[in-house]
Amino acid sequence: MTRFFMAFFLAVLTGLASAQTAPIDSVPRDIDAERAKNSAERARLEIGFQTEDAACHEKFAVNSCLEKVNSRRRAVMADLRRDEILLNDEERKISGARQIRKSEDKAAPEKRQEATDRRANAAEDYQSRLSREKTKQLQRASVSSGEKTAREASAKRLTDHQKKPRARTDRQAAAAEEVKKFDDRQKQAQARRAQYEIDKLGRSKPPAKSLPLPE
């Protein structure tokens with residue numbers, strides 16, 4: 001009989017293990033039915049043990065016989081009690097899981113809306129960052145262009161400023177060269193007039209008389 005109850009207990013444990021791995025909505029057995037079956041088995045076994053107790057009183061070693069019967073009774077009843085505890089635990093787990101599922105199902109629309117809002121906010125934030133970055137790029141380009149224009153204008157002013165003394169020097173040198181050329185022309189003209197006068201005087205002077213011959 002003990003082997004029978006041990007086999008029954010192992011079957012119960014196997015059923016509980018299957019219940020823990022199975023989905024909540026598809027419980028492999030009816031816990032109330034299992035509990036009723038457990039109670040019926042306890043009552044049936046108790047009747048058998050009481051029959052054995054009565055038989056012990058007809059034997060010579062009454063106490064020894066009763067002790068053996070009670071030992072089997074305690075072992076079998078302990079197995080049934082453990083089975084009942086496991087059934088209660090399974091029932092609490094299933095009930096708790098159903099409550100969690102119910103809460104999750106109730107909160108699912110809100111979570112979906114929150115997820116949608118988060119995605120929308122993320123997209124809006126991304127577009128805002130892109131817009132700010134584009135504005136910064138345009139500002140940097142404008143500043144760079146302005147700086148380039150300012151540098152070019154400054155370089156032009158510096159070049160013009162440097163060219164002015166050089167141009168003035170060139171003009172002064174050209175004027176000095178013109179003065180020198182003018183002086184040279186004047187000197188050449190004066191020299192030609194002087195030579196002309198000399199030549200003219202030479203042509204108009206009578207020839208000198210020849211000296212008398214010695215006697």
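1. Start with a pair in helix H3. The side chains of aspartate 79 and arginine 82 meet in a salt bridge, at 2.2 Å from N to O. This is a predicted model, and the distance should be read as such. Both residues lie in helix H3, 3 residues apart, or about one turn of the helix. The two partners differ in cover. Aspartate 79 counts as buried, at 10% relative accessibility. Arginine 82 counts as partly exposed, at 40%.

2. Further along helix H3 comes another pair. Arginine 129 forms a salt bridge with aspartate 125, and the closest N and O atoms are 2.1 Å apart. The spacing here is 4 residues in helix H3, again about one helical turn. Arginine 129 is partly exposed, at 41% relative accessibility. Aspartate 125 is partly exposed too, at 36%.

3. Glutamate 46 forms a salt bridge with arginine 73, with 3.4 Å between the closest N and O atoms. Glutamate 46 belongs to helix H2 (residues 31-56) and arginine 73 to helix H3 (residues 62-204), so the pair ties together parts that are 27 residues apart in sequence. Glutamate 46 is partly exposed, with a relative accessible area of 25%. Arginine 73 counts as buried, at 14% relative accessibility.

4. Asp32, Arg35 and Glu91 are linked in a network of them.

5. The disulfide. The structure holds 1 disulfide. Cysteine 56 and cysteine 65 form it, and their sulfur atoms are 1.8 Å apart. What is its handedness, given the torsion about the S-S bond of cysteine 56 and cysteine 65? That torsion is about -60 degrees, so the disulfide is left-handed. Both cysteine 56 and cysteine 65 are buried.

6. The fold as a whole. The protein chain has 3 helices and 0 strands. Read along the sequence, its pattern is α-α-α. Of the contacts with a separation of 6 or more, 70% come from residues 24 or more positions apart.

7. Burial and surface. Of the 215 residues in the protein chain, 13% count as buried. The chain exposes about 17500 Å². Carbon and sulfur atoms supply 57% of that area.

Note on methods. Residues are numbered from 1 along each chain as its sequence is written. This is a predicted model: local features need pLDDT of at least 70, side-chain atom pairs count only at pLDDT 80 or more; totals for chains, interfaces and linings use all residues. Side-chain values use heavy atoms; hydrogens and water are left out. Helices (H or I, at least four residues) and strands (E, at least two) are DSSP runs, numbered from the N terminus. Buried means under 20% relative accessible area, exposed over 50%, partly exposed in between (1.4 Å probe, protein chains only). Contact means heavy atoms within 4.5 Å. Accessible areas come from the Shrake-Rupley method with a 1.4 Å probe; for residues, only the protein chains shown count as cover. A disulfide is a pair of cysteine sulfur atoms within 2.5 Å. A salt bridge is a side-chain nitrogen of Lys or Arg within 4 Å of a carboxyl oxygen of Asp or Glu.
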